[in-house]
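Biologist: Here is the model I would like to go through. Let's start with the pocket and then turn to the backbone.

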Amino acid sequence: MLWQNLRYAWRSLRSNPGYATAAILALAIGIGLNTAMFSVVDGILLKPLAFRNPEQLLSLREEVMKAGGPSRYPFTAGNLYDYRAQAKSSEIVAYGMNPFSMILPKSDPERYYGVTVSEGWFGFLGAKFLRGRDFTKEDYEPGRDEAVILSGGLWRDRFAGDESIIGRQINLNGRTRRVVGVIDPKYEYPNKAKIWAPLV
């Protein structure tokens with residue numbers, strides 16, 4: 001019976017190729033859309049963030065109401081310190097977006113998405129280091145803030161996983177900086193950042 005049904009289906013498809021093509025195309029698009037939707041739902045809603053205690057994380061931002069609606073503004077340093085002083089049982093960390101142009105010997109400049117982060121950023125997220133260390137208090141002192149941390153992906157792709165990367169000096173935005181750590185790719189936050197520097 002099954003064999004007869006398969007033969008009948010095959011004959012029907014051969015006799016009407018336009019219908020067969022449309023049916024196969026509709027199935028392919030439907031399966032593709034369902035797969036994409038599941039990937040998004042799994043990655044955003046079902047799979048927990050790689051951070052420590054992700055259910056306890058909040059994102060803070062300042063908004064000013066205007067005639068056209070609310071407008072976002074960056075935190076001022078004073079407000080950030082005020083929030084920290086008032087948050088008795090919580091940690092508050094901050095970041096600022098900062099693209100980096102990296103120039104390595106015998107290569108053209110390459111642009112990477114990076115951020116400057118406040119003290120305690122990686123500890124707050126529970127991030128793991130593949131090499132090296134986190135920023136120290138000294139790294140946040142003006143004039144001594146040349147330390148940078150690279151993502152594990154950038155370390156593998158651009159530096160071929162060089163084991164001697166820690167302590168290496170690289171040119172970022174025309175300034176010499178020193179690599180002090182390599183972070184696990186799971187913690188490339190925010191927005192798949194590749195380079196972190198101290199927010200001074």
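Biologist: Which element gives the largest share of the lining of the largest pocket?

Modeller: Keep in mind that this is a predicted model. The largest pocket holds about 1,400 Å³ of space. Elements that give two or more residues to its lining are strand E2 (69-73), helix H3 (77-86), strand E3 (95-97) and helix H4 (121-125). The largest share, 5 residues, comes from H3.

Biologist: How many residues in the lining of the largest pocket are nonpolar?

Modeller: The lining has 40 residues, and those closest to the pocket centre are Leu 60, Val 93, Ala 94, Tyr 95 and Trp 121. Across the lining, 8 residues are polar and 7 are charged, and the nonpolar ones number 25.

Biologist: Which residue does a cis peptide bond join to Tyr 189?

Modeller: Most peptide bonds are trans. Here omega is about 0°.

Biologist: Is Asn 191 buried or exposed?

Modeller: Asn 191 is in the loop between E10 and E11. Its phi is positive, near 55°, and it is a residue other than glycine. Exposed means over 50% relative accessibility. Asn 191 has 55%, so it counts as exposed.

Biologist: How does Asn 173 count by relative accessibility?

Modeller: Asn 173 also has a positive phi, about 55°, and is not a glycine. It sits in the loop between strand E9 (169-172) and E10. Its relative accessibility is 43%, so Asn 173 counts as partly exposed.

Terms used:
Residues numbered from 1 in each chain as written. Predicted model: local features only at pLDDT ≥ 70, side-chain atom pairs only at ≥ 80, totals over all residues. Heavy atoms only, no water. 1 Å grid on protein atoms, 1.4 Å probe; cavity = no way out; pocket = protein on both sides within 12 Å on 5 of 7 lines; lining within 4 Å. Points joined across faces, edges and corners; volume = space filled by probe spheres on them. Helix = DSSP H or I, 4+ residues; strand = E, 2+ residues; numbered from the N terminus. Nonpolar A, V, L, I, M, F, W, Y, C, P; charged D, E, K, R; others polar. Buried < 20%, exposed > 50% of the residue type's maximum accessible area, 1.4 Å probe, protein only.
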